[in-house]
Amino acid sequence: MNKPHPRDSRADACGEAKLTVLGGRDILFVMAAEAEYGPHLRKRFDPFMTGVGPVEAAVELTAALAALDRRERLPDLVVSLGSAGSRILEQTEIYQAISVSYRDMDASPLGFEKGATPFLDLPATVPLPLRISGIRQASLSTGANIVSGPAYDAIAADMVDMESYACLRACMRFDVPLVVLRGISDGKAELHHIDDWTETLHVIDDRLALAVDRLGEALADGLLKL
């Protein structure tokens with residue numbers, strides 16, 4: 001099994017964004033919150049933490065990639081991973097996003113498609129072309145709000161998070177491909193407290209680690225074309 005190791009991580013000059021060698025490639029693992037970074041993932045990589053939400057993710061990841069670009073050390077791949085909500089997908093299961101949309105954007109009163117950013121040559125739903133064999137696939141919606149209960153009625157995607165679309169836009173700025181891996185932490189019942197989110201994160205940590213191992217195998221075997 002092709003597992004990354006912490007000693008393969010290499011920090012940039014500021015000690016902030018570290019690249020992990022996985023399957024012979026330089027990978028930047030990106031996460032939002034320490035609560036999602038459990039003991040199984042800690043054995044595999046040292047992530048770049050952006051903070052929660054699309055604004056923090058866009059600002060921090062863009063700054064990190066710019067710093068790496070100045071040193072000619074851009075990663076071969078960015079992997080955004082963590083938890084997501086869904087009322088239709090299997091709880092604690094891991095999914096790779098096959099597309100991502102930005103649910104906060106709505107310029108439809110001006111005649112633009114809901115979800116499409118005005119004057120930006122991108123569709124409302126942006127496909128993510130890379131696929132890891134053996135990991136379930138789902139569409140993803142990113143926004144600044146926690147989705148719970150009836151709020152899912154307005155979501156067309158299979159699952160929701162708060163950072164992936166922002167990560168995608170940062171990666172597009174530097175022409176770096178993105179893979180998004182999410183474990184379903186909530187959505188079947190309405191959220192009332194932070195414990196409703198954190199309750200199953202230890203299970204998701206274990207399963208995300210196995211997904212990272214599968215990613216490494218796909219890279220090493222040349223099954224994931226970057």
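Colleague: Which residues have the most contacts inside the largest nonpolar core?

Modeller: A nonpolar core is a set of buried Ala, Val, Leu, Ile, Met, Phe, Trp, Tyr and Cys residues joined through side-chain atoms within 4.5 Å; buried means under 20% relative accessible area with a 1.4 Å probe, protein chains only. Here the largest such core has 33 residues, and L28, L61, L65, V78, L128, M159 and L178 have the most contacts inside it. The model is predicted: local features need pLDDT of at least 70 and side-chain atom pairs pLDDT 80 or more, while totals for chains, interfaces and linings use all residues. Residues are numbered from 1 along each chain, and side-chain values use heavy atoms, without hydrogens or water.

Colleague: Which element gives the largest share of this core?

Modeller: Helices (H or I, at least four residues) and strands (E, at least two) are DSSP runs, numbered from the N terminus. Helix α3 gives the largest share, 6 residues.

Colleague: What does L61 contact beyond its neighbours within four places in sequence?

Modeller: Contact means heavy atoms within 4.5 Å. L61 meets L28, V30, F48, E56, C167, A170 and C171.

Colleague: Is A57 buried or exposed?

Modeller: A57, in helix α2 (residues 54-70), counts as buried because its relative accessibility is 0%. Beyond four places in sequence, A57 touches T50, T62, E163, A166 and C167.

Colleague: Which side chain of opposite charge is nearest to R103?

Modeller: Lys and Arg count as positive, Asp and Glu as negative; His and chain ends are not counted. A salt bridge requires a side-chain nitrogen of Lys or Arg within 4 Å of a carboxyl oxygen of Asp or Glu. Buried R103 has none, and D104 is the nearest, 4.9 Å away.

Definitions and conventions:
Buried < 20%, exposed > 50% of the residue type's maximum accessible area, 1.4 Å probe, protein only.
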